[in-house]
Amino acid sequence: TPERGRIEFSGVTFGFPGAETPVVKDASFVVEPGKTTAIIGSTGAGKTVLLNLMLRLYDPQQGTITIDGAPVSQLTREQLADAIGLVPQRPYLFAGTIASNLRFGRSGATEEELWEALRVAQGEDFVKAKELGLDEPVSQGGTSVSGGQRQRLSIARLLVARPKVYLFDDSFSALDVATDARLRAALPEATQGATTIIVAQRVSTITEADQILVIEAGEIVGRGTHDELLASSDVYQEIVRS
Ligand code: DUT
Ligand code: MG
């Protein structure tokens with residue numbers, strides 16, 4: 001299908017109840033299907049809130065968000081979960097095994113699919129090193145695995161789930177630069193060219209993105225490719241220098 005995983009924000013404004021100023025202000029942008037859009041900006045800029053709006057954790061006070069032309073406000077929870085998946089900024093694991101955690105998004109996934117997702121997510125080695133491999137127990141909250149391992153399991157879980165749109169909220173900043181690069185190089189094939197949105201802190205993570213949105217205090221203050229933003233955006237130049 002030509003339009004698969006296209007997201008459009010039109011005039012979206014959102015503030016938390018009781019707060020004086022909105023945290024997302026009149027945001028309008030298009031995420032093209034099959035392309036990679038990156039979101040960059042300082043802490044508290046509103047990056048996570050933007051992703052959470054797509055998932056309808058909150059509804060905007062103004063404006064509309066559509067996926068493939070349908071307002072997300074009119075999709076059922078199941079339709080939305082099929083369409084969009086998120087690796088949260090603070091990934092969560094459930095009490096069970098590594099396998100049951102990876103199958104959370106798609107219970108019918110085969111062991112081969114789990115290993116393939118782990119290979120892409122750069123988690124194959126540490127799971128192999130576990131005595132029970134995929135059957136290794138995981139405690140609630142995932143305290144038995146390190147933060148970086150939890151993040152990679154959460155990435156693998158989303159790859160197993162195969163949504164139309166992949167959201168990565170700061171999922172690569174805990175990885176060393178080489179692992180980050182390997183993972184992102186493997187992503188396009190693993191996601192089969194699905195729409196990808198990456199919130200990042202490091203510019204090196206997003207230089208290849210088809211579109212970069214620069215967010216400051218809830219507003220989109222720059223947009224374009226890396227080269228375009230280097231030439232046009234003071235805020236982006238500042239981020240590159242930092
Ligand atoms: N905010 C709240 N309540 C919440 C979540 C966020 O008031 O439950 C505020 C904090 C901030 C703004 O919303 O002023 C945007 O927060 P967000 O989490 O989207 O910021 P970020 O860009 O994701 O920051 P970071 O890079 O630290 O993750
Ligand atoms: Mg955030």
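## Close-up views of a predicted model

View 1. Phe 9 has Ile 65 in strand β4 as its bridge partner. This is a predicted model, in which local features need pLDDT of at least 70 and side-chain atom pairs count only at pLDDT 80 or more, while totals for chains, interfaces and linings use all residues. Residues are numbered from 1 along each chain as its sequence is written, chains are lettered from A and ligands numbered from 1 in the order in which they are written, and side-chain values use heavy atoms, with hydrogens and water left out. Strands β1 (residues 7–14) and β4 (residues 62–67) pair in the antiparallel sense over five bridges; two strands pair if DSSP finds at least two bridges between them, and helices (H or I, at least four residues) and strands (E, at least two) are DSSP runs, numbered from the N terminus. The open sheet has four strands in the order β2-β1-β4-β5, with antiparallel pairing. At its edges stand β2 (24–31) and β5 (70–71), each with a single partner strand, so one side of each is left without a neighbour in the sheet.

**View 2. An open sheet of six strands with mixed pairing.** The strand order here is β6-β9-β10-β3-β11-β12. The edge positions belong to β6 and β12 (219–224), and each has a single partner strand, so one side of each lacks a neighbour in the sheet. Neighbouring strands of this sheet are turned by 20° against each other on average, direction ignored. Strand β9 (residues 165–169) pairs with β6 in the parallel sense over four bridges, and Val 165 in β9 has Ile 84 standing opposite.

**View 3. Helix α1 and the two sheets.** Helix α1 lies across β1, β2 and β4, running at about 115° to β1. It also lies across β3 (36–40), β6, β9, β10 and β11, at about 150° to β9. Contact means heavy atoms within 4.5 Å; axes are lines fitted to C-alpha atoms, for helices over the stretch in contact, and angles run from 0 to 180 degrees between N-to-C directions.

**View 4. The magnesium ion (ligand 2) and its protein donors.** Thr 48 is partly exposed at a relative accessible area of 27%, and Gln 89 is partly exposed at 31%, where buried means under 20%, exposed over 50% and partly exposed in between (1.4 Å probe, protein chains only).

**View 5. The surroundings of ligand 1.** The residues around ligand 1 include Phe 16, Val 23, Thr 43, Lys 47 and Gln 89, each with a heavy atom within 4 Å. A polar side-chain atom of Thr 43 lies 2.5 Å from an oxygen atom of ligand 1, whereas a backbone N or O atom of Gly 46 lies 3.0 Å from an oxygen atom of the ligand.

**View 6. Leu 114 in helix α4 (residues 111–120).** Leu 114 counts as buried, at 0% relative accessibility. Leu 102 is 12 residues from Leu 114 in sequence and 6.8 Å away in space, C-alpha to C-alpha.

Methods:
Donors are N, O and S atoms within 2.8 Å of the metal (3.2 Å for Na, K and Ca); water is not among the atoms, so sites may look incomplete. A polar contact is a pair of N or O atoms within 3.5 Å; within protein, one must be able to donate a hydrogen and the other to accept it, and residues adjacent in sequence count only if both atoms are side-chain atoms.
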